[in-house]
Amino acid sequence: MATPNGSIFQVHDERFETIIGKSPTMELVAENWDYPFAHEAGVYIPDTNSLFTTSNRCVKPDGQQKVHITRVDLNLNPVRCEGIESDIPMGNGGINYGKDHVLFCAQGSMTQASGLYLMSTVAPYKSELIKGDFFGRPFNSVNDVVVHTDGSIWFTDPIYGFEQGYRPAPRLPNQVYRWCPDSGAIRAVADGFGRPNGICFSPDESVVYITDTDRVHGDGTVEDSRVSSIYAFDVYLYHGEPFLTNRRLFAMADQGIPDGIKCDLNGNVYSGCGDGICVWSPGGILLGRIIVDGGVANFCFGRNGEIFALNEHKLWRVQLEPGVKGALLGI
């Protein structure tokens, strides 16, 4: 299905028509050709109708690498994109945390810790490192994060920073962690990944989805024979603690890699891929694609069927059926 403004919604299964509705649209809301401002995070703030993004890696004249954080004010026409000065080193994924904070993943630098940073959503956007090691061993390059309703924080930690030259040699495997801020308890909960990347829960939190983007390494090498897939795990309580069991291949991205990942309230699974955003049923059937030229690394749900798709130098607003709601915010 192609809409008059040129956006393409590719239907693989009739259930996708229920998701996109009768008149889906896609509109360009912001672009910046100075640097790729719309790469990762994509954290929507309902109270202010704004969102935060992190850029792709930028190389400064002195050779140092930097990631920019941008606040996008969606209330204005045209929307306003404000660059934020922050101490978060090489920011990547992020999620809403409390009423007025964003929890950012920082990939770190040679001198600054990789880990979880808490940033205020109001100027001057103060930030602080709240977790940067596994019992004294530094994280590699914390990539993406999700928060359970019990307060625990789950995050992925691949070795991209070392491969891209801004982190020391890894001292931990490519793993997924669960950290409880209240008690301080931290556990490695999943391993066996080439490059663990995106992470999200199903709406009832009984399943965790984790993407493995091993097909593309940080040094730029791409091998089609390497994994480019989403894995599903059941969350099973044993002695009162959650374990990830029944690991299974949920889906494989045929274009690019499955990067950021989210669920809607019906349990459908969305992931940013090389051709846009792919949508699978809870049973792993590819329902359809939202085609975005150049692909989508990450995205976030807004209100009433909105999706904000991060397309490097461009930010797109996709309008699906208004009854579609992201599981993170439920709006």
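A pocket is an open set of grid points with protein on both sides within 12 Å along at least five of seven lines, and its lining residues have an atom within 4 Å of a point. The model used here is predicted.

**Exercise 1.** Describe the lining of the largest pocket.

*Solution.* 
Step 1. The space in this pocket is about 630 Å³.
Step 2. The lining has 29 residues, and His39, Asn56, Val216, Ile257 and Asp259 lie nearest the centre.
Step 3. Sort the lining by class: eight residues are nonpolar, 16 polar and five charged.
Step 4. Look for strands. S9 (91–97) and S24 (269–273) each give at least two lining residues.

**Exercise 2.** Find which parts of the chain the salt bridge of Lys99 and Asp47 ties together.

*Solution.* 
Step 1. The two side chains meet at 3.2 Å, N to O. The cut-off is 4 Å, so the pair counts.
Step 2. Lys99 sits in the loop between S9 and S10 (101–106), Asp47 in the loop between S3 (40–45) and S4 (50–54), so the bridge ties parts 52 residues apart in sequence.
Step 3. Check accessibility: Lys99 and Asp47 are both exposed.

Key
Residues numbered from 1 in each chain as written. Predicted model: local features only at pLDDT ≥ 70, side-chain atom pairs only at ≥ 80, totals over all residues. Heavy atoms only, no water. 1 Å grid on protein atoms, 1.4 Å probe; cavity = no way out; pocket = protein on both sides within 12 Å on 5 of 7 lines; lining within 4 Å. Points joined across faces, edges and corners; volume = space filled by probe spheres on them. Helix = DSSP H or I, 4+ residues; strand = E, 2+ residues; numbered from the N terminus. Nonpolar A, V, L, I, M, F, W, Y, C, P; charged D, E, K, R; others polar. Buried < 20%, exposed > 50% of the residue type's maximum accessible area, 1.4 Å probe, protein only.
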